[in-house]
Every structure is written in C-alpha cells, then in structure tokens.
Amino acid sequence: MTTDASARAIKPELLRTYTEDFNKDRANLIAADAAVSAGVLKAATDYRGVRALPRDFSIELKQGSITNQERSGRCWMFASLNTLRYELMHRWNLEDFEFSETYLFFWDAMEKSNTYLENVLRTLDEPTDSRLFEAINWGPSDDGGWWQMFAALVNKYGLVPKSAYPESENSRNSDDFKQYLNSKLREFAAELRRRSAAGAGEDELRTLKDEYMGTVYRICAVSLGEPPEKFDFFARTKDDAEADADGKAESCKCEDKSDAKACKCDKNKDKTGKDERPQIREIGITPLEFYKKYVPVDVNDFATLANAPLKNRPFNRRYRIRFSANVVEAGDMEFVNVPLDVFKKAALDQLTAGHPIWFACDCTQFALRKDGFFDQSVVRVDQLFGTEFTGDKAHGLEYGDSPSNHAMTFTGVNLGEDGKPNRWKVENSWGKDAGKDGYYVMSDAWFDRYVTELIIRKEYLDDATRALLAAEPVELDPWQPLTRRCR
C-alpha cells in the first residue's frame, strides 16, 4: 500500500463528481428531503411492508402486563423473568404477576464484582494491555447478561415478587450506580496487582478481596436498598379458579391460611361489593422457598441454542466461553451451535406446546422501535440510500455488525397454509408505549438473519441436539463472536 498522503486523501475532483451525480438523480433529492425532515427510519418506512405484517397470530400465548426495563441494561433479566411469570401465572391462575427485577439486579452486581476480582487474581501475570485482561476489565459489573447468568442467580438466591422489592431510581437508570461501582472495582484490581507484585501471597490477597466485597455490598445497598431475606406474599386468583393442588375447593375465609393454597368461593353465594376471589397468602417465605414452591419450571431444564453460521464455529458442537460467568462457582457460559432448521424447529415446538421463549438478537437492524416492527421489508434504507445491504448472518457476527445486544420473549407465531412460520410475536421490555402496546411483530426472514440465541426447554430438543449437551465443549475466548452480553 502506498504511503503517499495525496493518494490516500479524498480528492476535490472526486467530490465534485459525487455532488454532480447526487443532484442529477431526482430520487436522491426526494430522499434527502424526507430523511432530513423526518429522520432516516421514518423516511425509509415502507407502508407495504407494514401491511404485510399484521398483528394476528395462529399460535399466541396469553401473557401478563408489559414490563419496562427503562434506562438500564437488564433486558436479559426481564426476558428471563417474563418466561417464568407466564408459567407461574397459569399454574396458579393469576390475572397478572411480575417478579422483582431489582432483586436479581442487586445480586448480579454483587456476583459480577466478586467474579471480576477473582478473574483479576487468576490473571495477575497478564499485562494490563493484553487482550485477555482488557476483556476482563472492560465492564467489571456492567448490566448485560444471558440466560445462564440468570439461572445461576435464581439457583443461589431464588426469586421474589415485585411487591417485596420494587424498583428504585438506580435500577431504573443504572448508569451512575454502575459507573462508580466499576471505578471502585478497578481501583481494587490495581491494588491487588500491586500487592501481588510486592510479594503478597494468595491468602493475603483473598483476604483483601473479601474486605473489598464489603465495600461493594455497601455501594449496592445504598443504591438499591438491601434485598429481603423473607417477605410476605399475597395474591388473588381469577374468579374461575379451579381446585387447589390437592383438588379441594375451599371457602374464601383465608385469614388463618399460610399454606399458599388458593381458597375457593361459593359461586352460588349472593354477590356483594367485597372482593371474594380466592386468595394465596404466604407469611415470612424466603426467596428460594418462593421460587421452588411457586415457579413450576426448573431454570436448569433449559439449554442455549445458537445459530452462528461461522466457519470457525462448526454446527452440532458444544461451546464454552472463558471468563463469562457472573456467579463464579456456577461456571462459564455454554451453548450448542445448530443449523437454522434445527434452531427454528425447537422454537416452533416450544411455542406450539404453550411455552414462551427467551431469545437474543440485534434489535437495531431494520427495526422500528416506536412502531414495533423487525423486518427488512419495512425499513427500506436500501431504497432511501440507493444501495443494497447484502451482508449475511455470518458477516454480521464476524465483523461485529449485528451482535446480540438485546433479549426479548417470543409469545406467538403465525403459520402459513404450508405450516411454516411467516411472522413472530415478540414481547419486549421497553414499556407499553413502545411497539403496539409493548409487543412487536417480526418477519420470519428477520428471524433467520438476526436471531442468534434461543433458550429452549430440553424436552423440545431433538435427540441429536440433546446429546450434544454432554459432549466435551470447545473453549472460546471472551472476545470472540457470540460472547457479547445482551444489554
């Protein structure tokens, strides 16, 4: 390559050619008027593409109220909890329910901080400008995460309803809290490395780390409030509640009940203004007890499927990502990479059976956030700019153009006359004012191109894919494709 500056510069004569060519084409002038006035996405919106994606679905799950992560990177928690609350609501016949996202957010900050400091201790001999240490040090306790991180937190700390630990200003808008927590963690890392270079042994360093974690707890507790060790839980079931777990219909006098069985009203009784729906009541239950008693699925009975058509990620293999844990003792993240047909069939089988699906994608590509569409035929930036966008899924992952950056939940799919999907219903966590009452519609072509991970119940995996869960994993470095956390 030449090093001559004039050869590398934008030439004035070329600029004159560019502007002449631009102004010759009437389409460019119309596109510029529209984009400058309304913005690229509005100017590129194709009404025909919108009409081709109606919001009705042949398979649709009844979910609770739309949730809102607000100005935080907790999408992976919201999507995870949305999959579980669906199961809880239908098991206990509740009209609506929401878990406390802040509860897991507190413990995730604690666990990521601990794991970061442990990773610092594991890499004391790494120079600070090595690629590995830069990956570890990039976001010590940032908000992003994956399903397996969620599962690790639930296994260790359980779950609580939102009423027991509601949102705070720093869970809704987490930047300031995490900025100063990360700054403190990096100070701790520098001191651990300094002490190690001065001859401190492992026991001394680990004692120091434990002291540092006391400061981390204080920062988290000041920012979010301390999480409950026990709490009371109260809920009313729907009027058409069926018999309880023992098959007994009981009266509505639940004042003395603490066994969590839903009381049953006498439907022949004269109606009054009193709310006599059956009740569920718990006094002094722990988060782990609540999870084990009320959530009818085990978070460990799910597997992570990826569809990453990369030459250096052969299909039908199990992979493990180094330095990717949030809970250090739970181990690093894993996934099985499968072809698209296997990937999609697992999603269809789970939805058809009546269970929502956690998934991850690049939510920014060919997407209308306000109107609720994911489809390249709706966002016609190719027509607006007069150029085709031809990159495929492998290109998007290899070049970092379309990494997974958001997690949501599939709650429906529409099957065409041929029995194949043509659009998907998506529950988001951006509040009810985003999309259509909080829901999005995704074309099947967009699914193929931009959806990269699914969390599937193991019972809906085919035998060959299920067998891969026990195969020896291929180790991946933390900076390789598919390792970026959903935010």
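In which helix is Leu 15 found?

A: This is a predicted model. Leu 15 is found in helix H2, which covers residues 12-24. Its relative accessible area is 47%. Exposed means over 50% and buried means under 20%, so Leu 15 counts as partly exposed. Leu 15 also belongs to a nonpolar patch on the surface, together with Ile 10, Leu 14 and Tyr 18. The four residues share about 420 Å² of accessible area.

Helix H9 spans residues 147-157. Eight of its 11 residues are buried, so the rest of the structure largely encloses H9. Among the buried residues are Trp 147, Phe 150, Leu 153 and Tyr 157. Gly 158 follows H9, and its phi is positive, near 75°.

Next come the charged pairs. Side chains of opposite charge can pair when their charged atoms come close. The whole structure has 39 salt bridges. In one of them, Glu 101 meets Lys 162, at 3.1 Å from N to O. Glu 101 is buried, because its relative accessible area is 2%. Both residues also join a network of salt bridges with Arg 74, Glu 98 and Glu 167.

Stay with H7 for a moment. Helix H7 (residues 101-122) packs against helix H11 (residues 175-197) at an angle of about 25°. Their axes are 10 Å apart. Angles under 35 degrees count as roughly parallel, so H7 and H11 are roughly parallel to each other. H7 passes H11 in a right-handed crossing.

Phi of Asn 93 is positive, near 60°, in a residue other than glycine. At 18% relative accessibility, Asn 93 counts as buried. Asp 437 is not a glycine either, and its phi is about 55°. Asp 437 sits in the loop between strands S11 and S12. With a relative accessible area of 51%, Asp 437 is exposed.

Finally, look within a single helix. Glu 202 forms a salt bridge with Arg 206, at 3.3 Å between the closest N and O atoms. Both lie in helix H12, four residues apart, about one turn of the helix. Glu 202 is exposed, at 54% relative accessibility. Arg 206 is partly exposed, at 28%.

Conventions. Residues are numbered from 1 along each chain as its sequence is written. This is a predicted model: local features need pLDDT of at least 70, side-chain atom pairs count only at pLDDT 80 or more; totals for chains, interfaces and linings use all residues. Side-chain values use heavy atoms; hydrogens and water are left out. Patches are made of residues with over 30% relative accessible area and no salt bridge: like charges are joined within 9 Å, nonpolar side chains (Val, Leu, Ile, Met, Phe, Trp, Tyr) within 5 Å. Accessible areas come from the Shrake-Rupley method with a 1.4 Å probe; for residues, only the protein chains shown count as cover. A salt bridge is a side-chain nitrogen of Lys or Arg within 4 Å of a carboxyl oxygen of Asp or Glu. Helices (H or I, at least four residues) and strands (E, at least two) are DSSP runs, numbered from the N terminus. Buried means under 20% relative accessible area, exposed over 50%, partly exposed in between (1.4 Å probe, protein chains only). Axes are lines fitted to C-alpha atoms, for helices over the stretch in contact, and angles run from 0 to 180 degrees between N-to-C directions. Angles under 35 degrees count as roughly parallel, over 145 as roughly antiparallel, 65 to 115 as roughly perpendicular and the rest as oblique. A crossing is left-handed if the near helix is turned anticlockwise from the far one by less than a right angle, and right-handed if clockwise.
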